[in-house]
Amino acid sequence: MSDSKLRTQSMDFAVSIISLVKQLKGQRESIISNQIGRSGTSIGANIREAQYAHGKADFIAKLQIALKEANETGYWLELLYKTNYIPESEYKSLDSACTSIRVMLIASINTAKENQRLESSSEPGKHPMTDGSAHRKRN
């Protein structure tokens, strides 16, 4: 899955969340709508920030924050459904989109961590084969 797919889906999801917040404000619901508005739009913002990270560790950290925000958004969606603020069909649609983003984030984080591990193991002094210590005879 490409990063552009993740960026596109997170932007589309944020637009859906903003529409939901407008709907909730019309119902005079402000506590959950404020929370889901922040977490649901933060996902894409952190994914966008990761594009210009200061290295692999920063890139991974931004994606992990996006993942936490997606998980929090899933909680608020479930709470809105269970308190009858949104119908089941809307809940299922939004939750499915949120889950899809979480799956892509997990895959991206795992790939970035593996690449980081491979890069660090190929640096001199970081891998047992590079300094010859694995082949030395012990006297």
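Modeller: Please note that this is a predicted model. Glu-49 has a relative accessibility of 41%, so this residue counts as partly exposed.

Biologist: Which side chain does Glu-49 meet in a salt bridge?

Modeller: The partner is Lys-62, and the N to O distance is 3.4 Å.

Biologist: Where do Glu-49 and Lys-62 lie?

Modeller: Glu-49 belongs to helix α2, which covers residues 31-50, whereas Lys-62 belongs to helix α3. The two are 13 residues apart in sequence, so their pairing ties together those parts of the chain.

Biologist: How many salt bridges does the count come to?

Modeller: The count is five.

Biologist: What about Glu-78, then? Which residue is its salt-bridge partner?

Modeller: Glu-78 pairs with Lys-82, at 3.1 Å from N to O. Both residues are in helix α3 and four residues apart, so about one helical turn separates them.

Biologist: Is Lys-82 buried or exposed?

Modeller: Lys-82 counts as exposed, at 57% relative accessibility. The cut-off matters here: exposed means over 50%, so the value of 57% qualifies Lys-82.

Biologist: Let us move to helix α4. Which side chain meets Lys-92 in a salt bridge?

Modeller: That is Glu-88, with 3.2 Å from N to O. Lys-92 and Glu-88 are four residues apart in helix α4, which means that about one helical turn lies between them. Glu-88 counts as partly exposed, at 40% relative accessibility.

Biologist: Now the helices themselves. At what angle do α3 and α4 pack?

Modeller: Helix α3, residues 56-82, packs against helix α4, residues 88-121, at about 160°. Their axes are 9 Å apart. Because of that angle, α3 is roughly antiparallel to α4; the cut-off for this description is over 145 degrees.

Biologist: Is the crossing left-handed or right-handed?

Modeller: The crossing of α3 and α4 is left-handed.

Biologist: What is the contact made of, by class of residue?

Modeller: The contact of α3 with α4 has 16 nonpolar residues, together with seven polar and seven charged ones.

Note on methods:
Residues are numbered from 1 along each chain as its sequence is written. This is a predicted model: local features need pLDDT of at least 70, side-chain atom pairs count only at pLDDT 80 or more; totals for chains, interfaces and linings use all residues. Side-chain values use heavy atoms; hydrogens and water are left out. Axes are lines fitted to C-alpha atoms, for helices over the stretch in contact, and angles run from 0 to 180 degrees between N-to-C directions. Angles under 35 degrees count as roughly parallel, over 145 as roughly antiparallel, 65 to 115 as roughly perpendicular and the rest as oblique. A crossing is left-handed if the near helix is turned anticlockwise from the far one by less than a right angle, and right-handed if clockwise. Ala, Val, Leu, Ile, Met, Phe, Trp, Tyr, Cys and Pro count as nonpolar, Asp, Glu, Lys and Arg as charged, and the others, Gly among them, as polar. A salt bridge is a side-chain nitrogen of Lys or Arg within 4 Å of a carboxyl oxygen of Asp or Glu. Buried means under 20% relative accessible area, exposed over 50%, partly exposed in between (1.4 Å probe, protein chains only).
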